[in-house]
Amino acid sequence: MPTIVIASPKGGAGKSTTAVILGTEFAHAGAPVTMMDCDPNGSLTLWSERGAVPKGMAVLSGIKEGEIIRAIKSHDQDGRIVIVDLEGVASRLVSRAISQADLVVIPMRATTLDATVGVRALELIAEEAEALDRNIPHAVAFTMTRAIQSKAHKGIMSSLKGQGVDIIEPDLMERAAFAALFEFGGGLRDMPAQGSHDAAVANAQQFARAVFDRLTGEDSA
Ligand SMILES: Nc1ncnc2c1ncn2[C@@H]1O[C@H](COP(=O)(O)OP(=O)(O)O)[C@@H](O)[C@H]1O
Ligand SMILES: [Mg+2]
């Protein structure tokens, strides 16, 4: 079963949040999920200790460079979805995770600085694809998007689209409920309502569906 790697050399891009949203939404939909925390800062591990993790989900902590490939290979069997969360760096661990991916999701805030650094993730994937001589499917996810898109957002989006980069729709909007995942642990449906909670749940569900469609080869665009 598929391995989704969440990667961007930019810290604070929304990687761990994206990982938790995808993991909890897939689990809610009934899929067995393995979350691999490969970030020494341990965001996913902290999240898993805050509240009950969904039924059928396993969280593996502190996976290092030497074990990542073996860990992915042993877990992406038996119909499990593997989600790998990484530190905001470019490293051998990151490259190895990318080498095993069925899909790399690149979370990115639509600011000029974030997009500039985020684009390096695209270069890393291209290098890995070249080294392995295989296509590594990947897509950008805009995170922390405001209801009213800025000029910069529109510019970055059309520039990426112009380069043929796959962009996941919908974006992950800036939502209090998404920020609260790390406070309460668990999924969006397990926490007390935060802000426009139903809108956050709908956003997460549609986002996870758009990611899932890419894994099954269905074109959601
Ligand atoms: N869509 C969002 N809405 C609101 N807050 C968010 C959203 N995405 C991320 N955040 C917050 O932004 C910060 C950085 O996000 P995080 O997922 O930890 O990024 P990364 O893993 O790339 O470093 C965290 O405090 C997180 O709660
Ligand atoms: Mg993180």
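**Helix α3 and beyond**

A: On one side of α3, which runs over residues 68-75, Arg70, Lys73 and Ser74 are exposed. Please keep in mind that this is a predicted model.

Q: OK, and which residues of α3 are buried?
A: The buried ones in α3 are Ile68, Ala71, Ile72 and His75. They cover an arc of only 95 degrees around the axis, which puts them on the same side of α3, and Arg70, Lys73 and Ser74 lie on the other side.

Q: Switching to the core: how many residues does the largest nonpolar core have, and which have the most contacts inside it?
A: The largest nonpolar core has 59 residues, and those with the most contacts inside it are Ile4, Ala7, Ile83 and Ala97. Helix α8, residues 197-215, gives the most to this core, contributing six residues.

Q: Take Ile4, then. What is it in contact with, leaving aside its neighbours within four places in sequence?
A: With those neighbours left aside, Ile4 is in contact with Leu22, with Ile81, Val82 and Ile83, with Ala101, Asp102, Leu103 and Val105, and with Val211.

Q: And Ile156, is that buried or exposed?
A: Ile156, which has its place in helix α6 (residues 151-162), is buried, because 24 other C-beta atoms lie within 10 Å. Leaving aside neighbours within four places in sequence, Ile156 is in contact with Ala110 and Ala115, while its C-alpha atom is separated by 30 Å from that of Pro40, a residue 116 places away along the chain.

Q: New topic: what surrounds ligand 1?
A: There are 17 residues around ligand 1, of which the closest are Lys15, Ser16, Thr17, Phe178 and Ala179. By class, the shell has six nonpolar, eight polar and three charged residues, and α1 (15-28), β6 (138-145) and α7 (176-184) each supply at least two of its residues.

Q: Last one, the overall picture. How many helices and strands are there, and how compact is the protein?
A: The secondary structure comes to eight helices and seven strands. The radius of gyration is 16 Å, close to the 17 Å that the globule rule gives for 221 residues, so the protein is as compact as a globular protein of that length. Buried residues make up 42% of the 221 residues, and among contacts between residues at least 6 apart in sequence, 79% join residues at least 24 apart.

Terms used
Residues numbered from 1 in each chain as written. Chains lettered and ligands numbered in written order. Predicted model: local features only at pLDDT ≥ 70, side-chain atom pairs only at ≥ 80, totals over all residues. Near = placed C-beta within 6 Å. Helix = DSSP H or I, 4+ residues; strand = E, 2+ residues; numbered from the N terminus. Nonpolar A, V, L, I, M, F, W, Y, C, P; charged D, E, K, R; others polar. Core = buried A, V, L, I, M, F, W, Y, C linked by C-beta atoms within 7 Å. Buried ≥ 20, exposed ≤ 12 C-beta atoms within 10 Å, placed from the backbone. Contact = placed C-beta atoms within 7 Å. Arc of directions from axis to C-beta. Rg over C-alpha atoms; globule rule 2.2 N^0.38 Å.
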